[in-house]
Amino acid sequence: MAAASLDLQGLLARLDPTADVAQRHIWLIDVFDWLRGDRASPQAAVGRVSLLLDAVEARPELRGRLRAWWRAFTQAVDLTTLLADYGFAPRTAFVSELTERLRRKILPGTPETTDASDLFRMVLPGAFDAGWIALLDDAQLARIGNLLADAALDDIDGAPRWRHTVMDAVTYCSSQVVAAGFSPELRLRMSAASESRAFHALMSDLDALREQMFRAPRNEDALQAAFLAFRDRLDACRASASSVYTHLEDNGISVGLVFRLRQLRERVLRIRELLDCLISPAPAPSVARLVGRLVLAGGERNSIRALIASNSSMLAAKVTERSAETGEHYITRDRASYLQMVRKAAGGGALTALTVLLKFGIYSLALSAFWSGLWSGLMYAASFVAIQLLHLTLATKQPAMTAPAMAARLRDIKTDAAVADFVDEVANLVRSQVAAVLGNVGLVVPAMLALALLVQFALGRPLLDAAHAAATLQSLSLAGPTALFAALTGVLLFAASIVAGWTENAFVLHRLDSAMRYNPRIGAFLGAARARRWATFMRTHISGFASNISLGLMLGLLPAFAGFFGLGLDVRHVTLSAGQIAAAAASTGMAVLQQPALWWAVAAIPVIGALNVSVSFYFAFRLALRAHSVSLGDRARIRSAIWARWRSRPISFFLPA
């Protein structure tokens, strides 16, 4: 404590009201650094506040210098903008706000500023400050107010200056709320019942409140009535803005619109906090709460992670919801649907054999890495789209779609019966994946063998030469990095499902199906009947097209881009890998059965399939759990129930009853 007192004495000796702006602000930053100390505990910081107050109150000359410093500070820095705008984005677009936060993280700030927001960020930079400010008691807050009280500053038209400052901040915030409510992006999406009528009268109610606030003598009954009228109008504005969420749920989510709605809601809450400072008979505690709230708001304002998380949560929910609608089609619940899944997967495997043949054809052209990857990606995309349009199945496309469908069933998971039903669905899902993988691999191998023999008969030579066949088997060996590449492919499968959900959401949000159906130019070109059919077709298949095309391009281009950076990454898709092994074996002949490389590659197939499925399902399921706000306790109950089913009836995860 003695060392702290010595530091404090030196700090107070540097207090100079006549210093320039930068030096005054540096002194303020140093004061709060001293108050924080080693940040061991908020209580220690509160103790230092008492030390500071004792030291200043004991010296009348120091009190005078502090008040002169405060006078110079408030005349140079506009505190109204701090109260009204700190923590809010000056831009209404999500992308521009993200860019601004990146700029602030990279570039340092300067205390040579009259922007109160920039200075506040340097003086009170973290949540620790909000913690110790919240612990200040009423006596300490009163002492701080007495030290800063200055008759030269505190009397404007018979009212304290700080009340004018806070009321101006309320005015600025209210104008921003009205501007947001009148913006066409929000106004046109409000419910017909609420529309934007509440925003029309907000400023007139505020004028009435201002008049009563600064009337001399003050009529407390009239002031309370004006306050209640303004507060009710503010709540009505907030309710009108909230009706936009219903429109977004039904018609697609926009991150930009969600960003604007959250900003509007936070401004309404800021107005309520400012009004508490004005109306409260003892304003000091309300002011302390406001300062603590500003500290937390500043931390959120600087956080890129908080920006993305808060404004993409609804988009994540909508993406998983749209994936869930598609994923329901991939879950089999009885023997008939199980056999149908096997048949569809077998068809997908047969078509994948042709895909493998085309892949080897592209590699034989000896193109550069980029062009080889691009043409391979386009070929993969065309193959996956063909499988979609023929209503066949590619096994690894399912998990990222079925995970949201599973998580959607967790909205009401409080009872044991609900948990048991969910475990039944898990068994159905795993069984569906097994059927799809078996169908794909079971037919891609014989189909690829047949194609390889047909090519050998037509060309008079094997599909692959001996060196290429040996290299193919070696690259797919379980003893190599195959498992890592298979897990990476699972991440790509998950990413493709996100692209699918995002694309379908954008398709619905921008009403492109309606545009295709009713746009006069499209109707004139296609004809009314054909335009309706195309609109229905695209609404049904847009998600699949986005997923298949994005997945194909990622599978083709990832090795090329990774090679550019010297990373040596590759992809391992279970159906494509099985087809490549079959092609290499057919090209080598019967002697391949005696080569360990073949069996190492064959042993990798179940590992590749398991990792493709499990990794993509894991990420999609985690995203869906977050979107549906499933608690950690419910997740633990689900895991226990699944393990219990595995121990009691493991066969149910592989074969239908």
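A residue is called buried when its relative accessible area is under 20%, exposed when that area is over 50%, and partly exposed in between, with a 1.4 Å probe and protein chains only. By this definition Cys 237, at 0% relative accessibility, counts as buried, and Cys 173 is buried as well, with a relative accessible area of 0%. A search of the whole structure for disulfides, meaning pairs of cysteine sulfur atoms within 2.5 Å, finds 0 of them.

The model is predicted, and local features need pLDDT of at least 70, side-chain atom pairs count only at pLDDT 80 or more, and totals for chains, interfaces and linings use all residues. Residues are numbered from 1 along each chain as its sequence is written, and side-chain values use heavy atoms, with hydrogens and water left out.

Taken as a whole, the chain has 657 residues, of which 47% count as buried. The chain holds 29 helices and 0 strands, where helices (H or I, at least four residues) and strands (E, at least two) are DSSP runs numbered from the N terminus. Contact means heavy atoms within 4.5 Å, and among contacts in the chain between residues at least 6 apart in sequence, 81% join residues at least 24 apart.

Two packed helices are described by the angle between their axes and the distance between the axes. Here the axes are lines fitted to C-alpha atoms, for helices over the stretch in contact, and the angles run from 0 to 180 degrees between N-to-C directions. Angles under 35 degrees count as roughly parallel, over 145 as roughly antiparallel, 65 to 115 as roughly perpendicular, and the rest as oblique.

The axes of helix H2 (residues 21-36) and helix H3 (residues 42-57) come within 7 Å and cross at roughly 125 degrees, and these two helices are therefore oblique to each other. On the H2 side, Val 31, Trp 34 and Leu 35 meet residues of H3 that include Ala 45, Arg 48 and Val 49. By class, the contact of H2 with H3 has 7 nonpolar, no polar and 1 charged residues; Ala, Val, Leu, Ile, Met, Phe, Trp, Tyr, Cys and Pro count as nonpolar, Asp, Glu, Lys and Arg as charged, and the others, Gly among them, as polar.

Helix H10 (residues 161-182) packs with H13 at an angle of about 175 degrees, their axes being 10 Å apart, which makes H10 roughly antiparallel to H13. This contact has 9 nonpolar, 3 polar and 3 charged residues, and among them are Met 167 and Val 170 of H10 and Leu 206 and Leu 209 of H13.

Helix H13 (residues 202-213) is also the place of Ser 204, a residue that is partly exposed, with a relative accessible area of 44%. A polar atom of the Ser 204 side chain lies 2.8 Å from the backbone oxygen of Ala 201. The C-alpha atoms of Ser 204 and Phe 230, 26 residues apart along the chain, are separated by 8.9 Å.

Ser 117, in helix H7 (residues 116-123), counts as buried at 11% relative accessibility, and leaving aside neighbours within four places in sequence, Ser 117 is in contact with Thr 81, Leu 82 and Tyr 86. Gly 439 lies in helix H21 (residues 416-459) and counts as buried at 5% relative accessibility. Not counting residues up to four places away in sequence, Gly 439 touches Val 342, Ala 345 and Ala 346, and the C-alpha atoms of Gly 439 and Ala 346, 93 residues apart along the chain, are separated by 4.3 Å.

Methods:
A polar contact is a pair of N or O atoms within 3.5 Å; within protein, one must be able to donate a hydrogen and the other to accept it, and residues adjacent in sequence count only if both atoms are side-chain atoms.
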